[in-house]
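Here is a walk through one model, from the overall fold down to a few single residues. Keep the 3D view open while you read.

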Amino acid sequence: MGRWEPNARGRLEQAALELYGERGFEQATVAEIAKRAGLTERTFFRHFADKREVLFPGASPLEELFAKNLADAPESAAPIDAMAAALDAITVMFADRREIAQRRQAVIAANAELQERELVKLASLSAALADTLRRRGVGEPAASLTAEAGVAVFKVAFGRWISESNERDLGHLIRESLDELKAVTAAE
């Protein structure tokens with residue numbers, strides 16, 4: 001086994017996505033994932049609690065980055081503008097990961113349990129963003145509404161990014177989706 005080879009986590013993620021795509025999430029085993037990655041099951045469990053965690057990291061890097069950038073937005077920024085800045089900043093996480101994101105989403109779309117897990121992760125993201133906004137002094141219901149709107153903008157833009165055949169980047173699609181949201185909520 002390639003015990004000392006670098007990037008064990010990345011190799012395990014790659015092997016899992018390949019197997020999930022080929023055989024389906026339910027049929028792929030941890031032993032098969034580890035073997036395909038050239039590693040042991042023990043190494044797998046050092047990186048992931050179970051095979052779902054390959055798709056949903058425990059401590060969500062997206063949630064952490066999103067909340068940090070929201071907290072770091074200028075104090076003078078309106079809540080939706082702070083959210084826009086945070087949305088723009090998180091796109092760095094997805095640079096050069098479009099194919100992986102597409103494959104991951106295909107696995108999730110094919111499994112009801114994983115779809116439910118994705119919704120739980122998005123709800124957790126929204127709660128973390130609302131909490132960050134409240135710490136910035138935004139009251140309720142504005143904090144919760146802004147957080148939900150930010151997650152909705154991300155979800156719509158991300159869905160378009162992984163499904164569109166053109167090569168528009170995620171940042172462009174996020175800004176476009178945010179502009180659409182502002183347009184539908186603007187007073188006439």
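Reading along the sequence, you get α-α-α-α-α-α-α-α-α. That comes to 9 helices and 0 strands, where helices (H or I, at least four residues) and strands (E, at least two) are DSSP runs numbered from the N terminus. One thing to keep in mind is that this is a predicted model: local features need pLDDT of at least 70, side-chain atom pairs count only at pLDDT 80 or more, and totals for chains, interfaces and linings use all residues. Residues are numbered from 1 along each chain as its sequence is written, and side-chain values use heavy atoms, with hydrogens and water left out.

**The whole protein**

Along the principal axes, the C-alpha atoms fill a box of roughly 60 × 35 × 30 Å. Of the 188 residues, 41% are buried; buried means under 20% relative accessible area, exposed means over 50%, and partly exposed is in between (1.4 Å probe, protein chains only). The protein exposes about 10400 Å², with carbon and sulfur atoms supplying 54% of it. Those areas come from the Shrake-Rupley method with a 1.4 Å probe, and for residues only the protein chains shown count as cover.

Now for contacts, meaning heavy atoms within 4.5 Å. Among those with a separation of 6 or more, 63% join residues 24 or more positions apart. As for charge, there are 25 positive and 30 negative side chains, and the centres of the two sets lie 7 Å apart. Lys and Arg count as positive and Asp and Glu as negative, leaving out His and the chain ends; each charge is placed at NZ of Lys, CZ of Arg, CG of Asp or CD of Glu.

Helix 8 covers residues 142-163, and at 1.5 Å a residue its 22 residues should span 32 Å. Its end C-alpha atoms are 31 Å apart, which agrees. The expected span here is 1.5 Å times one less than the number of residues.

Which residues of helix 8 are buried? The list includes A143, A147, G150, F154, A157 and W161. An α-helix has 3.6 residues a turn, so residues three or four places apart point the same way. The cover over the buried residues of helix 8 includes helix 4 (61-71), helix 5 (79-90), helix 6 (98-109), helix 7 (112-135) and helix 9 (170-185).

The largest nonpolar core has 30 residues, and F66, L87, L129, F154 and W161 touch the most other members. A nonpolar core here is a set of buried Ala, Val, Leu, Ile, Met, Phe, Trp, Tyr and Cys residues joined through side-chain atoms within 4.5 Å. Helix 4, helix 5, helix 7, helix 8 and helix 9 each give two or more residues to this core, and helix 8 gives the most, with 9 residues. Apart from this core lies another, of 21 residues, among them A8, L19, F56 and L114.

Leaving aside neighbours within four places in sequence, W161 is in contact with F94, R97, R98, A101, R168, D169, L170 and L173.

**A few single residues**

R11 lies in helix 1 (residues 8-23), while D96 is found in the loop between helix 5 and helix 6.

| Residue | Relative accessible area | Class |
|---|---|---|
| A143 | 0% | buried |
| S177 | 7% | buried |
| R11 | 19% | buried |
| D96 | 81% | exposed |

R11 and I33 are 22 residues apart along the chain and separated by 9.3 Å. A143 and E63 are 80 residues apart in sequence and 16 Å apart in space. S177 and E32 are 145 residues apart in sequence and 40 Å apart in space.

Most residues other than glycine have a negative phi, and most peptide bonds are trans. D96 has a phi near 60°, a positive value in a residue other than glycine. The peptide bond from E140 to P141 is cis, with omega near 5°, and P141 is found in the loop between helix 7 and helix 8.
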